[in-house]
Amino acid sequence: VRDYKLGIVKELAENYDLDGIELDFCRMNPFLPVDHQWENHASLTEWVTAVRKLTLNIEKTRGRPFLLAARVPDNVLGARIDGMDLERWAQDELLDIFHPGPRSLEIDFDGFKRIMKGTGAKLYPCLDAHHSSDAYQNPSIKILRGVAQSWWVQGADGIETFNFGNVTKKAAMKLASRHYPVTSKKDDDVSNANESIDGVQDGSTERNLYSEIGNPEELRYLNKTFVIQRRGGGIDNTDQTPNPDDWYSPTWGYANMNTFSQLPAVVANNGRIDTLFSMFIGDDVNEHGSLIQDILLRVLISDPAAENLQSIDRLKRVIVREVGTKLGPSWNTPPAKGIERNTEVRINGTLLKSGIVKSGWLTFKVSTNQVGFGKNLIGIRVKNRPPGITTQLKIEKVEMDFNYVTQGKNE
């Protein structure tokens, strides 16, 4: 099999005047025997080495570079689950470009910087607008801006885009399919969805983002949303993908699982223990705080204990995952009204003022001196839970909106 695949690469490289080739190790797992992937990692490294030797020979023959890139998992350690020795690939200079993070919004920048130190390789994390971490398929332009800005700040050399639906509105109507799914806006919050016409998503969000994504200086002053990633994601094989609401540890296909993600997460019933998260903020509020109109932290909660309450006694139901994946749509289990009075949120240890309910979310105002540039620590606890209750609250989503005095274009 390895010889056959190498022959395909050889045919492409020798017969066409390409600038380079990308090897996609995040598409069709597994590559190695399941439960024994790491034991056989040397075989995969040998194959990548053979491809590298091939492309280097072509470089010599034609007198100009032949670049070799690879789409790899978001995390250096997690890649071992599928038998990828990324440290070795980097230190042996087998790749010119690493493309980590397909279907991920959060990247192990520290890990990649460590293994790539002293090499000439570049880091171009991969932004997939259609397949992503759970519940963020086809997100709003504000969310995509937040991801891109955070990646630039953390040291990306560039950004690779993948599955960007760049079609016009007219073409979207003709091509309506699973790639441009119909969205349901009835009685639910679908703020993550692309703009749509007659319920059919078009590619306007991605087209607009292309005019911004390559310029961190311009992105800095545009409205954006930073999010905490959810486990699972946009993959087509439900037999392979654990449901984030019924999670199990996958033993292969790590690249498409976002296994190390912080959400969903449960909240202790005793009201004394914070559920802790870290959120990366790519906007420097210390340097540019005067340009920020407001910062809003939004928290989406599910409470199984409130499932049998009348709808009039609960918050509005909110869609968590939309259509467009084989897992199908999902909604939160709305908590009882009044939960906002019992929910404490701290950012970097600072207690925020009580939140309000808006469209089913708990929303908290954040001042510029409460949030920092880079990683922020967020703690959430809920007090006064009914005595004897056994089910736990679940944090579904945590998002932070940055709105600037000068409104960002293409909102």
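On a 1 Å grid over the protein atoms alone, a pocket is an open set of points with protein on both sides within 12 Å along at least five of seven lines, and a lining residue has an atom within 4 Å of a point. By that rule, the second largest pocket here is lined by 16 residues, with Lys 5, Asp 24, Phe 25, Phe 31 and Trp 47 nearest its centre. Keep in mind that this is a predicted model, where local features need pLDDT of at least 70, side-chain atom pairs count only at pLDDT 80 or more, and totals for chains, interfaces and linings use all residues. Residues are numbered from 1 along each chain as its sequence is written, and side-chain values use heavy atoms, with hydrogens and water left out.

Let's stay with that pocket. Its space comes to about 520 Å³, where a volume is the space filled by probe spheres set on the points, and grid points are joined across faces, edges and corners. Helix and strand labels come from DSSP runs (helices H or I, at least four residues; strands E, at least two), numbered from the N terminus. α1 (2-15), β1 (20-24) and α2 (41-62) each supply at least two lining residues, and α1 gives the most, with five.

Now follow α2. This helix has 22 residues and reaches 32 Å from its first C-alpha to its last, close to the 32 Å expected at 1.5 Å a residue; the expected span is 1.5 Å times one less than the number of residues. Among its buried residues are Leu 44, Trp 47, Val 48 and Val 51, buried being under 20% relative accessible area with a 1.4 Å probe, protein chains only. The buried residues of α2 pack against α1, β1, β2 (67-72) and α3 (86-91), with contact meaning heavy atoms within 4.5 Å. After α2 comes Gly 63, whose phi is positive, near 80°.

Over to the largest pocket, with a volume of about 620 Å³. Of its 28 lining residues, Glu 106, Ile 107, Asp 108, Gln 154 and Lys 375 lie nearest the centre. The elements giving two or more residues to this lining are α4 (109-116), α5 (141-154), β9 (224-227) and β11, and α5 gives the most, with six.

β11 leads on to a sheet. Four strands form an open, antiparallel sheet in the order β11-β19-β15-β16, where strands pair if DSSP finds at least two bridges between them. β11 (275-281) and β16 (350-351) stand at the edges with a single partner strand each, so one side of each lacks a neighbour in the sheet. Seven bridges join β11 to β19 (374-382), and Met 279 stands opposite Asn 376 in β19.

Technical notes
1 Å grid on protein atoms, 1.4 Å probe; cavity = no way out; pocket = protein on both sides within 12 Å on 5 of 7 lines; lining within 4 Å. Buried < 20%, exposed > 50% of the residue type's maximum accessible area, 1.4 Å probe, protein only.
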